[in-house]
Amino acid sequence: MLTRSTFIRSVIPGALGLTLFPALAKAASGAGGVTDGKVLVNTSVGPMWLLKTGGKVVGIEPLKQDTFPTPMLKAMPDRLYNQARVHAPMVRRDFLQKREKSDRTLRGTRDFVEVSWDDAAKLVCDELKRVKDTYGNGSLHRGKSSWASNHAHVHRTEPMLQRFLNGFGGSSTFFGNYSNQAITEILATVGWGAPYGASDWPVVKANAKLIVIWGANPLMTTRILSGHYSTAQWASLKDSGIQTILISPNNNETGKALGSRWVPIRPNTDVALALGMMHTLLTENLHDKKFLADCTFGFDTFAPYLTGAKDGTPKTAEWAATITGIPADTIRELARTMAKTRTTIACGWSTQRQHHGEQAPWAVMTLGAMLGQLGLPGGGVSFGMHYADGAFPKADMPVVGGMASGKNPIPDPFPIACLCDAWLQPGKTVRYKDKTITFPNIKLVYTSGGNQFTHHQNTNRVIKAFQAPETIIVQDPWWTPTARFADIVLPAASDLERDDIGQVMNLILASHAAVAPQYKSRLDYDIFTELADRLGFKDKYTEGRTQLDWCRFFYDDAKAKSKAVAMPDFDTFWAGEGIVEFPMGKGTFVHLADYRKDPLLNPLGTSTGLIEITSPTVAKMKLDDCPAHPTWLEPVEWKGSKHADKYPLQLISPHPNDRLHSQLDNTDIRKAYKIDGREPVEINSDDAAARGIKSGDVVRLFNDRGQVLAAAIVTADLMPGTICLHEGAWYDPETPGKIGALDKQGAVNVLTLDNPLTSTFAQATIAGTAICQVEKYGKPAPAVTAYDQPAS
Ligand SMILES: Nc1nc2c(c(=O)[nH]1)N[C@H]1C(S)=C(S)[C@@H](COP(=O)(O)OP(=O)(O)OC[C@H]3O[C@@H](n4cnc5c(=O)[nH]c(N)nc54)[C@H](O)[C@@H]3O)O[C@H]1N2
Ligand SMILES: Nc1nc2c(c(=O)[nH]1)N[C@H]1C(S)=C(S)[C@@H](COP(=O)(O)OP(=O)(O)OC[C@H]3O[C@@H](n4cnc5c(=O)[nH]c(N)nc54)[C@H](O)[C@@H]3O)O[C@H]1N2
Ligand SMILES: [Mo]
């Protein structure tokens, strides 16, 4: 298994690291400030030293403070100079000629023309003005940008674009996210609010006897943003004496690395498992009656549902077994073991990215309440231990601020998972909780730092949606699938080409521009500054600050608030090592301990102040698809649904191990996992044998929504009847721009659905709910061209 030292050996060949790259380059600030030496940067997959020779970035070295560096760090040099970089501003030929009268079905056909920055900026401003003057600000729309720079403080793409559009009078926009919208909304209504709550790792390790990893793959999903504290904690469980159980359709990397006991579960059936366990607890009198009485609301109306008194179906272990595929004895045994053992249930977010995704977290929270260990050291339920540095003991350090997005006067944002519905159906209304939302009349979309063609579900519908607006602008460093569908492509510089402040774990960092913006790219900040200048609101946008002024501004603000450490002045910080270290937290925090001790003095944000097993708020909404207590509701697509005879495999699309979604798919690191250049798809050995599929075969996955090629990995580590294709491979259509085209390399969202959504309660994505069929691809497979420059 990978450890910090094996990682370092694999990144830095031999003595290279120390002889060629002397201790530290002083005065590293500014583009190209160091020709030969090390430059400190912070990225979405963690901080690192970039190693430069002859002015070029040639390698990386992890920080000594990074407790478990991710292999993704290694992709940075190739990411910077990548073959898929956008070299110059580009405009779709037909759009350049005909503007809003262009043939929008030609989007995605990659017929681009290079233009000067001056022409590009003029074109963007003309289009923004035209749409604003003709239809109003509500017809300008901000495309979702999230993971471009979630680590950044100055150059965070989402607020930066918002700030620009808001400065221009506002735009229609969205709310929510693809990550955790269902759990965030349900937990805020019935539980403890944001889904990140977790006890500190030292408490968990000292007290838990059993950790149940439920719908999570924490060794992989903690690889992002941070100094990888949590990855190291997870890895250390292997020899800790703490037992681990993995509940998942696949025996994932975490389960394998920790040697966890794997309980395979049919995807989308976790609510049934939790109900079967709760039925066992109730009928065997193992539930914690005192905790239920003191700290929860509405168990009495839920219990008749469990026993079947309410609907005639007792939620027995046998009942759950037929749905989940887990033997009834195992379900009973899991319930008994957890009741007897100090158990931390560590859930990920996969089970809420599914049809009726509000139910699984609610059901597991209720199970936690019946077990009665919420608020005890090493016990309870956490939905936040799998994410970044989840359960990191909070350090005594100030929060570094970030670029403000300004006020948007345009009302009525829509849930982001409604993207296609909204773009395609202006004026249509949708129910959201007890409200009605009206979709805006979108005419121009501006996206910076988001990749709709990889992140949104049902790609062929996304193509249709992309044919709706008059103008599409995409700002990105690389020729992503989304950039290929734009009218105007503005080349952004990446985070290695700009100055910023970083904050990870207990560190505040100087993130230096390692090189100048490559090719003709420009910093996002500079692009927006120029556009704001042309549109007459530059001062409002910049507040008179350069990027370095902003770094200083946020740093100085943090310095003024710092108590535990006297931070150096900005110039010393910037010119020196660039790392300020704060004392680690004590590591004694126990999630919900105060609440448990006195729920009346420490109420939650729910309507009753208590953990709501039955929720008066949800009841009042009277939603058919989100009842008042956790309920098993069949998903729209699964083993038992319509068309399951035609499409018998349930498709899961977990987050990729060696990518951040679509990011890094274009880099060399893909050679470590792609098979002949194609995305691997895991297929159960029985399912493969029945179809004559062997490992390495190119296979075609298909359903009524689309078709993709991928390369088979035949495995027993996946439940029969399921199939696993990670999200984020770049959509690579055999016929560019064509709806229904064969995707050549495994872009999973070609197969997923974006309607319906979780429920009217959260209207969140159901990326994890889909069925499909797979067959051996009998013909020679077309070459992957996803990362090539489009013809100009
Ligand atoms: N390396 C890496 N890390 C990341 C990201 C990345 O792209 N790459 N993305 C980050 C982001 S933005 C997010 S939101 C988080 C996401 O964090 P999660 O939502 O927790 O991640 P997923 O990979 O979707 O799901 C975790 C695991 O759940 C299991 N699973 C899938 N379906 C089911 C099911 O129906 N039932 C059960 N019981 N288990 C199931 C699979 O083993 C899967 O690997 O990860 C973050 N971390
Ligand atoms: N099937 C399926 N689909 C999913 C998921 C799933 O589990 N299954 N997970 C969902 C989740 S949780 C999430 S968070 C989303 C993630 O979706 P996205 O946030 O779209 O994810 P990324 O692929 O990281 O896209 C970031 C984009 O920003 C660009 N970029 C990077 N740096 C810069 C920069 O400095 N400036 C600019 N302008 N652009 C930059 C990148 O090239 C890329 O196009 O995907 C969702 N989609
Ligand atoms: Mo996410």
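I take a polar contact to be a pair of N or O atoms within 3.5 Å. I also note at the outset that the model is predicted.

**Entry 1: ligand 1**

I began with the polar atoms around ligand 1. A polar side-chain atom of R353 lies 2.8 Å from an oxygen atom of the ligand. With the cut-off at 3.5 Å, I count this pair as a polar contact. I then looked at the backbone and found a polar atom of T221 at 2.9 Å from a nitrogen atom of ligand 1. A polar backbone atom of I247 is 3.0 Å from a nitrogen atom of the ligand. I next looked up the cover: ligand 1 taken alone exposes 900 Å², and the protein buries 98% of that.

I listed the shell of ligand 1, which holds 35 residues, with N250, D270, Q354, H655 and R659 coming nearest. By class I recorded 16 nonpolar, 16 polar and 3 charged residues. Among the elements, α9 (218-221) and β9 (243-248) each supply at least two residues of this shell.

**Entry 2: ligand 2**

I turned to ligand 2 and looked up side-chain atoms close to its nitrogen atoms. A polar side-chain atom of D524 lies 2.8 Å from a nitrogen atom of ligand 2. For S448, I read 3.0 Å between a polar side-chain atom and a nitrogen atom of the ligand. S653 likewise places a polar side-chain atom 3.0 Å from a nitrogen atom of ligand 2. On its own ligand 2 has 920 Å² of accessible area, of which the protein covers 98%.

I counted 32 residues around ligand 2, and S146, H455, D476, S662 and Q663 come nearest. The shell divides into 10 nonpolar, 17 polar and 5 charged residues.

**Entry 3: T614**

I located T614 in the loop between β23 (611-612) and α27 (616-621). Is T614 buried or exposed? Its relative accessible area is 12%, and I call T614 buried because the limit for that term is under 20%. The side chain of T614 makes a polar contact of 2.8 Å with the side chain of T301. Leaving out residues up to four places away in sequence, I found that T614 touches F297, G298, T301, F302, A628 and H629.

**Entry 4: backbone geometry**

I checked R110, which has a positive phi of about 70° although it is not a glycine. R110 sits in the loop between α4 (93-98) and β5 (112-114). I recorded R110 as buried, with a relative accessible area of 14%.

I found a positive phi at N458 too, near 60°, again in a residue other than glycine. N458 belongs to the loop between α19 (452-455) and α20 (459-466). With 10% relative accessibility, N458 counts as buried.

What is the form of the peptide bond from N755 to P756? I read it as cis, with omega near 5°. I placed P756 in the loop between β28 (722-725) and β29 (771-776).

Technical notes
Residues are numbered from 1 along each chain as its sequence is written. Chains are lettered from A and ligands numbered from 1 in the order in which they are written. This is a predicted model: local features need pLDDT of at least 70, side-chain atom pairs count only at pLDDT 80 or more; totals for chains, interfaces and linings use all residues. Side-chain values use heavy atoms; hydrogens and water are left out. Helices (H or I, at least four residues) and strands (E, at least two) are DSSP runs, numbered from the N terminus. Buried means under 20% relative accessible area, exposed over 50%, partly exposed in between (1.4 Å probe, protein chains only). A polar contact is a pair of N or O atoms within 3.5 Å; within protein, one must be able to donate a hydrogen and the other to accept it, and residues adjacent in sequence count only if both atoms are side-chain atoms. Contact means heavy atoms within 4.5 Å. A residue is near a molecule or strand if one of its heavy atoms lies within 4 Å of it. Accessible areas come from the Shrake-Rupley method with a 1.4 Å probe; for residues, only the protein chains shown count as cover. Ala, Val, Leu, Ile, Met, Phe, Trp, Tyr, Cys and Pro count as nonpolar, Asp, Glu, Lys and Arg as charged, and the others, Gly among them, as polar.
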